[in-house]
Amino acid sequence: MKGYCVTCVFHVNAESVEKMKAIIDSVYEKSLKEKGCLEYRWYQSENDPADFLLFMTWVSKEAFEKHVKTEHVSDADEELKEILRKPYQDIGWRFLPYK
């Protein structure tokens, strides 16, 4: 397994779940089409529908860094400011092969 994996957890206000889904729709296809995107998946929590997980794999950290500078991500970040209960943090992960 190669690539640079990134996860982000988003905690939105309960009344903003549909707005979050609209934000996801606005970035989903564009992100998948970006050069360097290997995997781009969103999940909604079964325990709290106002919590979302974004799971991404990019060919490199540099490809991910280019992604966060795109217009569609910048626009989504602006919209997220209005609906998040707390700031999100992206976490980069390195694959550890099991022996």
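**Charged pairs and their setting**

A: Lys21 is partly exposed, its relative accessible area being 32%. The model it belongs to is a predicted one. The partner of Lys21 is Glu18: the two form a salt bridge in which the closest N and O atoms lie 3.7 Å apart. Glu18 has a relative accessibility of 57% and counts as exposed, because the cut-off for that class is over 50%. Both residues sit in helix H1, which covers residues 17-32, and they are three residues apart there, so about one helical turn separates them.

Another of them joins the side chains of Arg41 and Glu39, with 2.7 Å from N to O. Arg41 is partly exposed at 34% relative accessibility, and Glu39 is partly exposed as well, at 24%.

A further salt bridge links Asp51 with Arg85, and its closest N and O atoms are 2.4 Å apart. Asp51 belongs to strand E3 (residues 51-58), while Arg85 is in the loop between helix H3 (71-80) and strand E4 (90-93), so this pair ties together parts that are 34 residues apart in sequence. Asp51 is buried, with 15% relative accessibility, because the class takes in values under 20%. Arg85, in contrast, is partly exposed at 42%. Asp48 also comes in here: salt bridges with shared partners join Asp48, Asp51 and Arg85 into one network.

Now the setting. Strand E3 is part of an open sheet of four strands, ordered E2-E3-E1-E4, with antiparallel pairing. At the edges are E2 (37-44) and E4, each of which pairs on one side only. From one strand to the next, the twist averages 15 degrees. In general, the strands of a sheet pair through backbone hydrogen bonds, in either a parallel or an antiparallel way.

Strand E4 pairs with strand E1 (residues 4-11) over four bridges, in the antiparallel sense.

Helix H2 (residues 61-68) lies across E1, E2, E3 and E4, and its direction is at about 130 degrees to E3.

Technical notes:
Residues numbered from 1 in each chain as written. Predicted model: local features only at pLDDT ≥ 70, side-chain atom pairs only at ≥ 80, totals over all residues. Heavy atoms only, no water. Salt bridge = Lys/Arg side-chain N within 4 Å of Asp/Glu carboxyl O. Helix = DSSP H or I, 4+ residues; strand = E, 2+ residues; numbered from the N terminus. Buried < 20%, exposed > 50% of the residue type's maximum accessible area, 1.4 Å probe, protein only. Pairing = 2+ DSSP bridges. Axes fitted to C-alpha atoms, helices over the stretch in contact; angles between N-to-C directions. Contact = heavy atoms within 4.5 Å.
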